Amino acid sequence: MRLNPNNEVMKKKMNPKMKKAMNILFKSLAVLIILIVVFIAVVFIVHKISSKSELGKIETYGQLVPVDGKQMNVLVQGEGDETIVLLPGYGTATPALDFKLLVDELSPFYKVVVIEPFGYGLSDLTEKERTTENIVSEMHEALQSLNIDRFILMGHSIAGIYGLEYVNKYRDEVSAFVGIDTSVPTQGGMDVDFPIGTFKLLKNSGFYRLIMKLSASPYDGLPFDDETVKQMTMITNKVNNNSTVLNEMEHISPNFKRAEQLSFPTNLPILLFVEANNEARPDWKSLHDEQIKKSELGKVIPLEGSHYLHHTQSKAITEHFRSFMKEMK
C-alpha cells in the first residue's frame, strides 16, 4: 500500500497541548543535560584544584631508598635486636600510616620496617609489570639498601601471596612468617576480570574523590589521631587507582595462579591470624589450616574483627606473636 502525501492523517495538525508538552520535555532534557555536564565539570575542576592543594600539605615520613633506579619509601621504628618487615595488602594506600597502631605496639620490642611498594604511600610509580616476581625482587632490593638480611616477615592480605614467593626465593633471610588475614592461593574467586577502565575513569574524573567524600570514613571509631587520618585521606586521594596500582590489579589472577605452585617451607615458623567470623567465606579458617598442614611450626589464631585486623587487634596480635616467638626459641 502506497502512502498518499495528501492523506488526511498527514494533514492533521498536532494538538497544541501536545506540541506544548513536547517543547517542555525537550527543554527539560536540554536543561538536564547541561546540568549533568556542569556537574561533571565542577567535580573535575574541584578534583584538580584539591589535588594540587593537597600536594603541599602531605607530610613526609620514613625514608627513601634506591630501588631499580627509583625511590621506595620505608618507615623504620624501634631498636629491638630482631627485625620485623611489614608488607601491606592490595590497595592500602598509605601502608606506613595504616600500620601505625600495630607498629606502635611492636616497636618497643622489635625493630619494625614498613615497606611501601611502588605506587603506594610516598614511593614512586613504576612502569614495570606488577608480577609477584618483580614486586618481591623490589622488596628485597629495598631491604638490601637498608642492610637488612635477617628478619621476620609479617604481612596483610595479598602479602600472603607475595610472602610465599619471598620465603621460597630468599629462605635464608626469613626467620618466621606472620600473616594478618592473608590471602591463600587456593581461596578461589581471583580469576575475575576487574573493571580497570572504570577505576581509571573514576580517578581521572574526580568522582573517586567525591565518592570517598560522601562515604563514611574507614577510620571512624579507630584510635588514629586526627592529623594521621587527614594525611591518610590526602595520600589516598593521590595514589589510589594510579597506573602502578591498577597494573597490580591486572596481575592479581596470574599472581594467585603462580602461588598455587608454592608452599611454606616445612621448617619455617608460621603464625596466621585470621578473621574469626568471615561470613563471606565460612571456610576461611580451614583454608589457612590447610595451608600450614605440612608445617612443623605452624599455628592459626582466629581473632574477632574485620579484614583489617591490625586496626582493632594490634595489641592482641603483638601479644600472641611474642608468645609464639618465645615458643619457637
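1. Strand β3 is covered on both faces: Thr83, Val85 and Leu87 on one side, and Ile84 and Leu86 on the other, are all buried. Here buried means under 20% relative accessible area, exposed means over 50%, and partly exposed lies in between, with a 1.4 Å probe and protein chains only. Five of the five residues of β3 are buried, so this strand is largely enclosed by the rest of the structure. Helices (H or I, at least four residues) and strands (E, at least two) are DSSP runs, numbered from the N terminus.

2. On the basis of the model: this is a predicted model, in which local features need pLDDT of at least 70 and side-chain atom pairs count only at pLDDT 80 or more, while totals for chains, interfaces and linings use all residues. Residues are numbered from 1 along each chain as its sequence is written, and side-chain values use heavy atoms, with hydrogens and water left out.

3. Strand β3 belongs to a sheet. Eight strands form this open sheet, in the order β1-β2-β4-β3-β5-β6-β7-β8, with mixed pairing; two strands pair if DSSP finds at least two bridges between them. At the edges stand β1 (63-67) and β8 (298-303), each of which pairs on one side only. Neighbouring strands of the sheet are turned against each other by 25° on average, direction ignored.

4. The pairing of β3 can be followed residue by residue. With β5 (residues 151-156), β3 (residues 83-87) pairs in the parallel sense over four bridges. Isoleucine 84 has isoleucine 152 of β5 as its bridge partner, and leucine 86 stands opposite methionine 154 in β5. Four bridges also join β3 to β4 (residues 111-116), and these two strands run parallel; there, threonine 83 has lysine 111 as its bridge partner.

5. Two helices that pack on the sheet deserve mention. Helix α14 (residues 314-328) touches β3, β5, β6 (174-180), β7 and β8, and its direction makes about 155° with that of β7. Helix α12 (residues 284-291) touches β7 (270-275) and β8, and its direction makes about 170° with that of β7. Contact means heavy atoms within 4.5 Å. Axes are lines fitted to C-alpha atoms, for helices over the stretch in contact, and angles run from 0 to 180 degrees between N-to-C directions.

6. The largest nonpolar core has 45 residues, and those with the most contacts inside it are Val85, Ile115, Leu143, Phe151, Leu153 and Tyr166. Its largest share, six residues, comes from helix α6 (residues 159-169). Apart from this core lies another, of 39 residues, among them Ala93, Leu102, Ala176 and Leu309. A nonpolar core is a set of buried Ala, Val, Leu, Ile, Met, Phe, Trp, Tyr and Cys residues joined through side-chain atoms within 4.5 Å. Leucine 153 touches Val85, Leu87, Gly163, Tyr166, Val167, Val174, Ala176, Phe177 and Val178, not counting residues up to four places away in sequence.

7. Helix α2 (residues 16-55) crosses two further helices. Its axis and that of α7 (residues 196-205) come within 8 Å and cross at roughly 75°, which makes α2 roughly perpendicular to α7. Angles under 35 degrees count as roughly parallel, over 145 as roughly antiparallel, 65 to 115 as roughly perpendicular and the rest as oblique. In this contact, Val43, Phe44 and His47 of α2 meet Lys203, Asn204 and Ser205 of α7.

8. The axes of α2 and α8 (residues 207-214) come within 9 Å and cross at roughly 85°, so α2 is roughly perpendicular to α8. The contact involves Phe39, Ile40, Val43, His47, Ser50, Ser51 and Glu54 of α2, together with Phe207, Arg209 and Leu210 of α8.

9. Helix α10 (residues 243-250) is largely enclosed by the rest of the structure, because six of its eight residues are buried. These are Thr244, Val245, Leu246, Asn247, Glu248 and Met249. They pack against α5 (132-145), α6, α7, α9 (226-239) and α11 (252-259).

10. Asparagine 73, in strand β2 (residues 70-77), is buried, with a relative accessible area of 2%. Aspartate 149, in the loop between α5 and β5, is exposed, with a relative accessible area of 52%. Aspartate 149 touches Gln144, Asp172 and Glu173, not counting residues up to four places away in sequence.
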